[in-house]
Structures are given as structure tokens and as C-alpha cells.
Amino acid sequence: MILVTGGAGFIGSNFVLDWLDGTGEPLVNLDKLTYAGNPRTLERLAGDPRYTLVRGDIGDRTLVARLLAEHRPRAVVNFAAESHVDRSISGPDDFILTNVVGTFHLLEEVRRHHDQLAGDERDAFRFVHISTDEVYGSLGIDDPAFTERTQYAPNSPYSASKASSDHLVRAYHHTYGLPTLTSNCSNNYGPRQFPEKLVPLMIHNALAGKNLPVYGDGRNVRDWVFVGDHCDAIRAILAQGIPGETYNVGGNAERANIDVVHRICDLLAELAPGRDYRSLVTFVKDRPGHDRRYAIDGSKIAAELSWRPRESFESGLRKTVEWYLANQDWVASVTSGAYKNWISRNYSARSAA
Ligand code: NAD
Ligand code: TYD
């Protein structure tokens, strides 16, 4: 079996569902169930004997030690993190506590566990750490894409906290021989993403007839990967990756934010007609320290693990919009009072363009 952390969040929940559908191998999900983790997302697994949800913190050493001793997982896949850049700007504390200190505590317990394994069980053990391309900092419009050798230059409290955790993971391999693997992935989109990130927020607001807040001039560029493709890459890294290595994962889909928002509007016009969605686009005050461009050179994972994204941005975005249209009850269930408070605080600060 495997132990997944943060499996009730966006990428983790897609990974858990794909894993149980595809392999059938039992899985324990350790998740703190913060605002970003919703057990409702995984309710179709209720009663499935292969699945166990444990509510808890990756920084709780006693709990992590107990889970490792009890379940003897062959791998730990670490998704647990605070993940939203805007929240890291208005309140970085939780990012340091979970992404840095939490990852440290998790690594300590996994190292202890690994130290007392022997033989095949020890050889097969893996720790997979899910990270981001944001650790590499910001590119100019003509710069070459990030490779695994690009120097780290994180610019937001979020990316700095992820960079710190990546360094700890690297050190635990180098110093203690823990068989770690790290993925540095670009922006994910797809089903079950909390509607604070660009794609689901725009769908959510558009359907409600609210403004679509585009930061700055809307020309910041991200590379977009469909979440199912990212989960597939993580499985490939777990199965065939070389311990100590890092792998960049991207979608071959660089887009300016305004183009992403316009594409969402056009898909909604087709799939949920009745409103002029593009007219809702509103340029608002820019995010402080807003990275201009991210781009992924995915040649290492393609050459070494034969992994490439299957979904184009167009096909993936269509699936995503269709999923949100068909799952409005999920959106309603995750957009609680706390969500509404965050949205009104974040966007009232940006109302001046
Ligand atoms: P998310 O915010 O949707 O989910 C995070 C999950 O972690 C939630 O279920 C939350 O309850 C849980 N969690 C938070 N703190 C915890 C703690 N201390 N202990 C246990 N669980 C805790 O995030 P996501 O978008 O699914 O991202 C997952 C991972 O992938 C993160 O590490 C993130 O940095 C990385 N990543 C995300 C993207 C993206 O575009 N979303 C891109 C590249 C990498
Ligand atoms: P986001 O989804 O927060 O991901 P990240 O900051 O990790 O890349 O934002 C994606 C891009 O969209 C980023 O350039 C900021 C921009 N953005 C907006 O223009 N408006 C919004 O309301 C949000 C949430 C993001």
C-alpha cells in the first residue's frame, strides 16, 4: 500500500481516485482537511476497504510514526501543502508551518521508518515530493524554459516555502540516503480545484454573472497541465524515477492569463449560453511580486520515463468546464462562509485597476 498526504485537495484527490481506479492498491490518505481539503471530494470512496482517510497534520510526528508502523507503506507521496500564492502574500505563516516545518517533520519520521527497513522492502521504498515550477522564479518572454538545472529563485512566500521543502528533500537523499523523488510541475487545472485559483474562479464567477478579475495587464504567462496528466507523471516517477532525481512536468501549453480567461468565456458561451461572459472581464490591481512567465522544458521526463502530457490545453479545458457545469453542487459545498470572507478580502484590495 501507499501513504498519500494532502489527498483531499485538488491534485491529491485526483491522484487518489485515479490510483484506486487504475491499480486497486490500498491507500491511506493523511490530510489535515484545511479549507482546501474537502472529504466530500472523495465521498464516492466511502466504504471502500482499500481506502482510509486519516485527519491529521504531516507535522504530527507521533501520528506519522504510527501510520508508517501500522501500514508499512511501500511509498509516501507528499501533496500536503498550503498552495495558493495570494494567501501566502496576505498570511505566510501557515506556508512556513506546513510546507517547511511540516515537510521536515514528515521527512524525519519517514527517515526513521526507512532506516529500520531491510532487504527488498528497503530497496523498493520511495518518498515522492510534489513541488512546483514556481521555485525557479520568473522568466522573461524570450528566456528558455526551466530545466531541472535552472537555479532556484523563488519570489513569493509560497514558492520560497516550496523551495525550502525541496532543499530538505534533496538533503535527506544526499545525507541519509532516503530514496526521494521530486516533481516540479507547472499550473494544474481540471476537476475538483478549489475556486480560488484562476481557472475555477473564472468559471465560478462567470456562471454567477460576477466580474472576472484579471491581475495587471493579463499578459502574465503560465504553462498549463491537465491534472490527470500530472497524476500520470507522478505514477511514472514513482515507478521508474531514479532516487535523488527531480523531474520537471509541464503541459506544453504556455498561455497568457487573458487568453485563458477568454477561452473559458467562449467555452461557457457554447456550453451554458445566455450571457456575454467576455463582457465580465475586469482588469484589477496586480498581485505584488507577480511572476511574469513560467515555462517548462519537459525533455528529461520524456526521454527518461517516456512521459508526455496526453491532454491538449483545448481538450483539457473543455473537460474542466464540463465538469464544473455538471458539479455545481460540489462547488456550492466548498464555497463556505470562510471562502466568501477570503474572496471579499482579497478582491476588495484589488478593486482599483
Ligand atoms: P490544495 O491546496 O488543493 O490541497 C492541499 C491539501 O493539503 C488539502 O487537502 C489540505 O487539507 C492538505 N493539507 C494542508 N496542510 C496540511 C498539513 N499540515 N497536513 C496534512 N495535510 C495538509 O493543493 P493542490 O493544488 O492539490 O497542490 C498539491 C501539491 O502540488 C502542493 O504541494 C502544491 O505545492 C503542488 N503543486 C500544485 C500545483 C497547482 O497548480 N495546483 C502545481 C504544481 C505543484
Ligand atoms: P493562480 O491560479 O493563483 O496560480 P499561480 O499564481 O500559482 O500561477 O494564478 C494563475 C495566474 O492567474 C497568475 O498569473 C495570477 C493570475 N490570476 C488573475 O489574473 N486573477 C485571479 O483572480 C487569480 C486567482 C489569478
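I took strands (E, at least two residues) and helices (H or I, at least four residues) as DSSP runs, numbered from the N terminus. I counted two strands as paired if DSSP finds at least two bridges between them. The model is predicted, so I noted that local features need pLDDT of at least 70 and side-chain atom pairs pLDDT 80 or more, whereas totals for chains, interfaces and linings use all residues. Residues are numbered from 1 along each chain, chains are lettered from A and ligands numbered from 1 in the order written, and side-chain values use heavy atoms, without hydrogens and water.

I found an open sheet of 7 strands in the order 3-2-1-4-5-6-10, with parallel pairing. Strand 3 (51–55) and strand 10 (246–249) are the edges; each has a single partner strand, so one side of each lacks a neighbour in the sheet. I then looked at strand 5 (residues 126–132) and strand 6 (residues 180–185), which run parallel and are joined by 6 bridges. Ile 130 stands opposite Ser 183 in strand 6.

**Ligand 1.** I listed 29 residues around ligand 1 (a heavy atom within 4 Å). Among the closest are Asp 31, Tyr 158 and Lys 162. Strand 5 gives the largest share of the shell, 3 residues. For polar contacts (N or O pairs within 3.5 Å), I recorded a ligand 1 oxygen atom 3.0 Å from a polar backbone atom of Thr 34. A nitrogen atom of ligand 1 lies 3.0 Å from an N or O atom in the side chain of Thr 98.

Notes. Polar contact = N/O pair within 3.5 Å; in protein donor to acceptor, adjacent residues only side chain to side chain.
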